Amino acid sequence: WRTTDLAEQVHQKGEVVADRLQEIAMLRPGLTAEVRGRGLMQGLDLGADGLASEVARRAFEAGLVIETSGPSDRVLKILPPLTISLDDLAFGLDTIEAALEAVAPAAALWPQAA
């Protein structure tokens, strides 16, 4: 913390995470997913009991360690190291999206037209 470089990098990476999680949530309106957190400490509340556990399991199988939290394991916790590279951060976010897509495909979650 002797310079502002690390703080600026963490801020930038936090915006990347928040923006990507918002995009993932918006592509799945049937989940009513909600992004919470600050900086690199973010959570994605998937709005369905147990869904985060299944997504975390699939992500783990693809090489990503991620935890769940919240009531009934509804929230994926994103807590990367402050020094994570942008490439590794992108890998993690891609892995989360792929795991979520495998468990709850976006096309199946679009509200049906009346």
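## A walk through the helices and one loop

Start by selecting helix α1, residues 5-26: its 22 residues reach 32 Å from first C-alpha to last, close to the 32 Å expected at 1.5 Å a residue. Keep in mind as you click around that this is a predicted model.

Stay on α1 and show side chains for its buried residues: Val 10, Lys 13, Gly 14, Val 17, Ala 18, Arg 20, Leu 21, Ile 24 and Ala 25. What do these buried residues pack against? Bring up strands β1 (34-38), β2 (41-45) and β4 (75-78), plus helix α3, and you have the partners.

Next, select α2 (residues 51-61) together with α3 (residues 86-103). Their axes come within 8 Å and cross at roughly 120°, so the two helices are oblique to each other. Look at the handedness too: α2 passes α3 in a right-handed crossing.

Now zoom in on where they touch. On the α2 side, pick Leu 51, Glu 54, Val 55, Arg 58 and Ala 59; on the α3 side, they meet Thr 95, Ile 96, Ala 99, Leu 100, Ala 102 and Val 103. Colour this contact by residue type and you get 8 nonpolar, 1 polar and 2 charged.

Last stop: Ser 72, in the loop between β3 (67-69) and β4. Is Ser 72 buried, exposed or partly exposed? Its relative accessibility is 44%, so Ser 72 counts as partly exposed. Leaving aside neighbours within four places in sequence, Ser 72 is in contact with Asp 49 and Gly 50. To finish, draw a distance from the C-alpha of Ser 72 to that of Ala 52: these residues are 20 apart along the chain, and the two atoms are separated by 8.9 Å.

Note on methods:
Residues numbered from 1 in each chain as written. Predicted model: local features only at pLDDT ≥ 70, side-chain atom pairs only at ≥ 80, totals over all residues. Heavy atoms only, no water. Axes fitted to C-alpha atoms, helices over the stretch in contact; angles between N-to-C directions. Helix = DSSP H or I, 4+ residues; strand = E, 2+ residues; numbered from the N terminus. Parallel < 35°, antiparallel > 145°, perpendicular 65-115°, else oblique. Left-handed = near helix turned anticlockwise from the far one by under 90°. Contact = heavy atoms within 4.5 Å. Nonpolar A, V, L, I, M, F, W, Y, C, P; charged D, E, K, R; others polar. Expected span 1.5 Å × (residues − 1). Buried < 20%, exposed > 50% of the residue type's maximum accessible area, 1.4 Å probe, protein only.
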